[in-house]
Amino acid sequence: MLTAIGDVMRRVYERGWITTRDGNISMRKREGKFLYITPSGWRKTIVHPEHVVRIEIVRESSTGEQTLKIREGQHPSGELWMHWNLQQVGRKTRTVVHVHSTHIVAAIYAGIDLQAISAEFPEISRYTRVGPTVSALPALSRELADATAECLGLGKDGALAFDIVGQANHGVCAVATDPWSAYEHIERLDHICEIVLKSGLGRSAHLARSLAA
Ligand SMILES: [Zn+2]
């Protein structure tokens, strides 16, 4: 699965969903002792298993709380908090992907409600649960990380109510077992956003329909 991290990075770059150094992916195996995450600043088109940062997860014996032990010389993604919020419980193997998928960001910018359009397209509603959009918050901030976890509906047991959320003026965060499944959530949502944007209706159609309802 570490190979898939680099493969997905190359694919999202080819699709124009990131510029060379953007985007990040983390992975944790079920009850795993390590968090694997893409490196900070590195060109994402050349991520291979040996470049993925392996951070040790330490469990405090008194509280049972898990913390990350970042060694000197390790440079994990600047969005580490966004990933760690979602990876902390670790009951299941999980991959978290954050990219700047063009049509999703454009749709949010145009004022389109991602949950509302998702409900109208079976292509997405059958396979991907879309959560409420995260408001515009600074990249790399704790606020963005916490709001992303909240919008994904993170429960105390680590379960999520949704598979993907958009992040206003920024990107998306998708969660699945493996990198390619997370990629598919992004691809489905990006595709319907592209369709809605190309229809030229987008927000106005929505407003009209909801007013009529
Ligand atoms: Zn970003």
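Analyst: Happy to. This is a predicted model, and the protein in it has eight helices and seven strands.

User: What makes the protein as compact as a globular protein of its length?

Analyst: The test sets the radius of gyration against the globule rule, 2.2 Å times the number of residues to the power 0.38. For 213 residues the rule gives 17 Å, and the protein has a radius of gyration of 17 Å, so it is as compact as a globular protein of that length. Along the principal axes, its C-alpha trace spans about 60 × 35 × 30 Å. Buried residues account for 39% of the 213. Among contacts with a separation of 6 or more, 61% are between residues 24 or more positions apart.

User: How do you know which strands are at the edges of the sheet?

Analyst: Follow the order of this open sheet of seven strands, which is β4-β3-β2-β1-β5-β7-β6, with antiparallel pairing. β4 (66-69) and β6 (164-167) each have a single partner strand, so one side of each is left without a neighbour in the sheet. On average, neighbouring strands are turned by 20° against each other, direction ignored.

User: What makes β1 and β2 a pair?

Analyst: Strands pair when there are at least two bridges between them. β1 (residues 24-28) and β2 (residues 34-37) are joined by two bridges and run antiparallel, so they meet that requirement. M27 is a handy residue to look at: its bridge partner in β2 is Y36, and its bridge partner in β5 is T95. β1 and β5 are joined by five bridges, again antiparallel.

User: Why is β5 called largely enclosed?

Analyst: A residue counts as buried if 20 or more other C-beta atoms lie within 10 Å of its own. Six of the six residues of β5 are buried, so the rest of the structure largely encloses this strand. Both faces are covered, with R94, V96 and H98 buried on one side and T95, V97 and V99 buried on the other. In a regular strand, side chains alternate between the two faces of the sheet. β5 is also joined to β7 by five bridges in an antiparallel arrangement, and T95 stands opposite A176 there.

User: Which helices lie across β5?

Analyst: Helix α1 (residues 2-14) lies across β1, β2 and β5, running at about 160° to β1. Helix α7 (residues 179-199) lies across β1, β5, β6 and β7, running at about 135° to β7.

User: Why is helix α2 described as largely enclosed?

Analyst: Seven of its eight residues are buried, so the rest of the structure largely encloses α2. The buried ones are L80, M82, H83, W84, N85, L86 and Q87. They pack against β1, β2, β4, β5, α6 and β7.

User: How do α2 and α6 cross?

Analyst: The axes of α2 (residues 80-87) and α6 (residues 142-151) come within 8 Å and cross at roughly 35°, and the crossing is right-handed. W81, M82, N85 and L86 of α2 make the contact with R142, L144, A145, D146, T148 and A149 of α6. By class, that contact has six nonpolar, two polar and two charged residues.

Terms used:
Residues numbered from 1 in each chain as written. Predicted model: local features only at pLDDT ≥ 70, side-chain atom pairs only at ≥ 80, totals over all residues. Axes fitted to C-alpha atoms, helices over the stretch in contact; angles between N-to-C directions. Helix = DSSP H or I, 4+ residues; strand = E, 2+ residues; numbered from the N terminus. Left-handed = near helix turned anticlockwise from the far one by under 90°. Contact = placed C-beta atoms within 7 Å. Nonpolar A, V, L, I, M, F, W, Y, C, P; charged D, E, K, R; others polar. Buried ≥ 20, exposed ≤ 12 C-beta atoms within 10 Å, placed from the backbone.
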